[in-house]
Amino acid sequence: MRKKLSLKILSTDFLCIGGGAAGCYAALTFCGQSDGSVIVVEKANIRRSGCLAAGVNALNAYIVPGKTPEDYVAYARADAEGIAREDLLLTMAERLNKTVARVEKLGLTILKDEHGAYATRGNRNIKINGENIKLLLAAAVEREPRITVLNRVNAIDYIIQNGRAVGVFAASAEKEVLYAIYARAVLCATGGAAGLYKPNNPGFSRHKMWYPPFNTGAGYAMGIRAGAEMTTFEMRFVALRCKDTLAPTGTLAQGVGAKQVNALGEEYERRYGFTTALRVYGATRENLEGRGPCCLRTAGITPEQDEDLWRAYLNMAPIQTLKWIESDMPPSARNVEVVGSEPYIVGGHTASGYWVDASRETMIQGLFAAGDVAGGCPQKYVTGAFAEGEIAAESALKYMADEAPQPDLVKIEDFQSRLEKILNRPSADRADRAYKIDKADKINGSESFSPSADDLEAEMQDAMDRYAGGIGSGYAFSEASLRVAAQKINEIEAQTQSLLVPDMRSLLERFELTDRLTVCRSVLAHLAARKETRWRGFAENLDYPDKSDEGLKFVNSRLENGELKVFTREIGRGEKAGGVA
Ligand SMILES: Cc1cc2nc3c(=O)[nH]c(=O)nc-3n(C[C@H](O)[C@H](O)[C@H](O)COP(=O)(O)OP(=O)(O)OC[C@H]3O[C@@H](n4cnc5c(N)ncnc54)[C@H](O)[C@@H]3O)c2cc1C
């Protein structure tokens with residue numbers, strides 16, 4: 001039977017796309033400072049969605065006593081080898097501590113020292129019991145009557161009228177419902193992009209990765225399609241993680257001062273350097289040169305430190321604690337092996353994402369961006385995402401055009417028929433049968449076979465891994481290999497036309513795949529455009545193995561008439577920041 005989507009046209013003052021750290025915080029800020037209404041569109045459920053789903057055990061961005069926001073700017077800029085916007089970093093850093101006070105009021109437990117001050121970890125972190133951080137944030141959002149949360153609703157494309165963002169098309173992940181949501185100001189807060197590259201864990205565990213697999217880069221892709229300017233996609237983030245569990249390692253390095261050591265017991269970090277990228281590079285090189293496996297040296301820590309670590313990981317990555325307990329090998333008995341993750345695009349750790357001004361407005365009028373989806377401002381983490389959500393909400397309040405946008409019924413009908421066409425492809429009737437045929441049939445070609453989104457996703461990840469600097473190629477690539485990757489991404493994209501989409505869940509998976517492919521294309525173009533190796537460890541350009549003075553520029557891109565145009569912008573300071581080079 002032909003599938004028909006029922007249509008819901010909604011309107012609001014402020015639309016938050018993504019109900020993660022930045023989206024929830026922005027929604028609360030907007031309500032706190034106005035009488036306006038807010039809609040939060042969230043593809044999962046705000047109680048356990050995004051990066052905070054599993055909890056965290058520290059707030060990584062905090063101005064500790066004796067330090068200033070300017071110190072934070074200097075640190076983040078140096079760690080990014082100069083590719084960062086000081087205006088964005090400073091406006092964020094100035095608000096970090098205020099956001100901490102606010103979440104503490106919501107009920108977050110922040111650990112205190114013997115004098116009653118926040119317990120710090122290193123120079124910029126404070127320790128929390130953050131297992132419930134997302135639940136607290138979600139509860140505050142749900143208590144606010146002027147916020148409507150649409151859970152299990154996946155944003156697909158912006159609605160743009162006269163060059164201005166006025167809303168979003170979104171589809172339910174469960175019911176046959178299409179939403180056209182109009183707003184006087186729109187915020188994108190959909191997080192970064194995971195799953196572009198083949199992950200560490202193969203097969204059945206493929207979706208077990210450090211960054212949430214549901215953050216598929218939808219916000220980047222929507223922006224790219226709408227012609228927004230993007231920056232620094234070539235600065236991929238590779239996380240140094242505990243082997244197998246992919247649990248974060250900062251708790252070991254900063255919590256108990258564990259040093260990286262190779263199989264010979266040498267502390268090798270000094271040989272490479274101490275930026276986030278070089279820490280990954282050190283471990284990768286030591287392994288390649290036969291001095292691996294590399295570990296964080298925990299053997300010999302005290303029983304109290306063992307307990308601290310168990311507790312800390314229960315707050316954030318319980319699987320690591322379970323591994324220690326199950327193997328009867330506490331961290332004090334055995335060093336923790338570390339590995340580099342597959343590359344992610346994450347504007348909360350690096351500078352990738354939307355090109356925004358200090359008010360967090362993107363280059364599309366009325367469209368704001370905050371958190372991991374926004375570029376130019378690395379080392380944001382949780383509190384930085386909150387701070388950017390707050391700035392964006394305040395800016396949206398100032399921006400809101402007097403007239404609420406009017407729904408364009410022709411545009412809505414067009415979009416609806418586009419989705420219904422995908423859902424009613426002739427072969428969709430054979431979907432169940434095609435899913436059931438066994439692998440042998442597929443290989444023999446005895447049944448007509450449509451690839452699944454899962455098959456194409458694996459192909460995409462393989463192409464990116466082999467030819468665009470994934471784990472399998474030691475994060476290295478060349479111009480020639482990037483060309484192969486681009487060709488393969490185009491071929492996979494063509495195959496998405498024949499995907500079977502029998503229900504709303506498959507529709508969501510189809511968009512997840514096409515969004516990832518869109519982001520892959522931009523990543524490839526950016527990698528090719530940076531003719532140097534700046535962040536050794538995150539990306540190694542074999543044609544240009546050194547850093548160059550010429551490279552001290554932002555690489556930006558924008559889709560124009562179907563072509564991705566790549567250009568550079570100056571680093572600059574003050575008013576000159578971001579001028580076209
Ligand atoms: C495993 C892990 C551990 C971390 N640990 C720490 C830590 O200890 N301390 C620290 O300070 N920082 C930590 N961070 C970083 C920090 O959590 C993130 O930088 C921050 O939460 C990002 O916030 P965000 O709002 O940008 O993204 P998220 O919080 O991930 O929110 C994005 C939201 O958008 C939704 N979404 C995505 N696509 C769509 C779509 N198409 N339609 C609708 N909704 C969509 C997602 O479901 C999600 O809810 C950690 C990150 C990870 C991944």
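**View 1. Strand S3 and the shell around the ligand.** S3 (56–59) gives the shell its largest share, four residues. Helices and strands here are DSSP runs, numbered from the N terminus (helices are H or I, at least four residues; strands are E, at least two). This is a predicted model, so to speak: local features need pLDDT of at least 70, side-chain atom pairs count only at pLDDT 80 or more, and totals for chains, interfaces and linings use all residues. Residues are numbered from 1 along each chain as its sequence is written, and side-chain values use heavy atoms, with hydrogens and water left out.

**View 2. Who lines the ligand.** The ligand is surrounded by 34 residues, each with a heavy atom within 4 Å of it. Ala22, Glu42, Ser49, Ala58 and Asp372 are the closest. Elements that each supply at least two shell residues include helix H1 (21–32) and helix H12 (381–399).

View 3. At Ala58, a backbone N or O atom sits 2.7 Å from a ligand nitrogen.

View 4. Strands S20 (residues 553–560) and S21 (residues 563–570) run antiparallel, joined by eight bridges; strands pair if DSSP finds at least two bridges between them. Val555 has Thr568 in S21 as its bridge partner. Two residues separate the strands, and Asn561 in the turn has a positive phi of about 50 degrees.

Terms used
A polar contact is a pair of N or O atoms within 3.5 Å; within protein, one must be able to donate a hydrogen and the other to accept it, and residues adjacent in sequence count only if both atoms are side-chain atoms.
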